[in-house]
Amino acid sequence: MGKTSITEEDYLKSIHELTEYEGYATLSDISRLLGTLRQSAYDEINILLQKNLVTRIERGKYVLTEIGQKQANLFLRKHRIAEILLYKGLSLEWKKLDEQAMGIEHGMTEEIMERVCEKYGCERCPHGNPVPRGDGTVMEIDDFSMSQASPGKTYMISRIVYEESFILNFLSDNRIFPGTSIKCISLNKWSLDRGEVEFPPQVNPAVRLINV
Ligand SMILES: [Fe+2]
């Protein structure tokens, strides 16, 4: 990942994404996602538990508390606006945005964010996720997981909730983005304009759909 120091904000973002993806975050998933040692993730989780930003739902499974979620949202606001800037302003590749945004998101000031929003609009990031408001609240999106689709029905891709590189590469290589329409053949086989695509099992829980 090329990051030298991982901040509390990075941990909150990872726990948020993993919870969207599989319902909770584990230490091994957090350390894999952040490219850090399990021991470091363990130490940080204990700090987050003490600060009441994270809670344990079961042995080894963590989620954000209400305060933790609000704090994560404030950081996701910077992250998603940074992605918009890199995508619309600098035409960086869609699949690289999440990773590249990590280099600049911590330095996004209110002034820069305001300017980006004026120029490009900032309702959603290029992966379809809503940009939280300045007060830490976020627009609710009425979509559902790909694993809840019915065979034979056509849907539209709403967003990718887990912006992990294998998943983003797979989707981008198959030209599947927010707004793409896609028909369910079975839960691991989907049909696009260009033909049928086999989906690896880890992709479905990361993708949200809307009815068309
Ligand atoms: Fe994004």
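**Entry 1: Helices and strands**

I counted the elements and found 7 helices and 8 strands in the protein. Helices here are DSSP runs of H or I with at least four residues, strands are E runs of at least two, and both are numbered from the N terminus. I note that this is a predicted model: local features need pLDDT of at least 70, side-chain atom pairs count only at pLDDT 80 or more, and totals for chains, interfaces and linings use all residues. Residues are numbered from 1 along each chain as its sequence is written.

**Entry 2: Overall dimensions**

I looked up the radius of gyration, and the protein has 17 Å. A compact globule of 212 residues would have a value near 17 Å, so the two agree. The radius is taken over C-alpha atoms, and the globule rule is 2.2 Å times the number of residues to the power 0.38. Along the principal axes, the C-alpha atoms fill a box of roughly 50 × 45 × 30 Å.

I then checked burial. Of the 212 residues, 36% are buried. Buried is 20 or more other C-beta atoms within 10 Å of the residue's own, exposed is 12 or fewer, and partly exposed is in between, with C-beta atoms placed from the backbone.

Contacts came next. Among those with a separation of 6 or more, 61% join residues 24 or more positions apart. A contact means that two C-beta atoms, placed from the backbone, lie within 7 Å.

**Entry 3: α1 against α2**

How do α1 and α2 cross? The axes of α1 (residues 8-22) and α2 (residues 27-34) come within 10 Å and cross at roughly 120°. Axes are lines fitted to C-alpha atoms, for helices over the stretch in contact, and angles run from 0 to 180 degrees between N-to-C directions. The angle makes α1 oblique to α2. For the angle classes, under 35 degrees is roughly parallel, over 145 roughly antiparallel, 65 to 115 roughly perpendicular, and the rest oblique.

The crossing of α1 past α2 is right-handed. That term applies if the near helix is turned clockwise from the far one by less than a right angle; anticlockwise gives left-handed.

I listed the contact residues. From α1 they are D10, Y11, S14, I15 and L18, and from α2 they are D29, I30, L33 and L34. By class I get 6 nonpolar, 1 polar and 2 charged residues. Ala, Val, Leu, Ile, Met, Phe, Trp, Tyr, Cys and Pro count as nonpolar, Asp, Glu, Lys and Arg as charged, and the others, Gly among them, as polar.

**Entry 4: T19**

T19 is in helix α1. Is T19 buried or exposed? T19 is buried, because 20 other C-beta atoms lie within 10 Å. Beyond four places in sequence, T19 touches Y24, A25, V63 and L64. V63 is 44 residues from T19 along the chain, and their C-alpha atoms are separated by 6.5 Å.

**Entry 5: α2 against α3**

I moved on to helix α3 (residues 38-50). Its axis is 9 Å from that of α2, and the packing angle is about 115°. That makes α2 roughly perpendicular to α3. α2 passes α3 in a right-handed crossing. On the α2 side I find L27, S28, I30 and S31, which meet R38, A41, Y42 and I45 of α3. These divide into 5 nonpolar, 2 polar and 1 charged.

**Entry 6: α4 against α6**

Helix α4 (residues 66-89) packs on helix α6 (residues 110-120) at about 50°, with the axes 10 Å apart. That makes α4 oblique to α6. The crossing is left-handed. K78, I81, I84, L85 and K88 of α4 meet M113, V116, C117 and Y120 of α6. I get 7 nonpolar, no polar and 2 charged residues.

**Entry 7: Positive phi in loops**

N52 is not a glycine, yet its phi is positive, near 60°. N52 lies in the loop between α3 and β1 (54-58). N52 counts as exposed, with 11 C-beta neighbours inside 10 Å.

R175 is also no glycine and has a positive phi of about 55°. R175 sits in the loop between α7 (165-173) and β5 (181-186). With 11 C-beta neighbours inside 10 Å, R175 counts as exposed.

**Entry 8: L187**

Where is L187? L187 lies in the loop between β5 and β6 (189-192). L187 counts as partly exposed, with 15 C-beta neighbours inside 10 Å. Leaving aside neighbours within four places in sequence, L187 is in contact with S147, A149 and N204. I also checked V203, 16 residues from L187 along the chain, and the two C-alpha atoms are separated by 11 Å.
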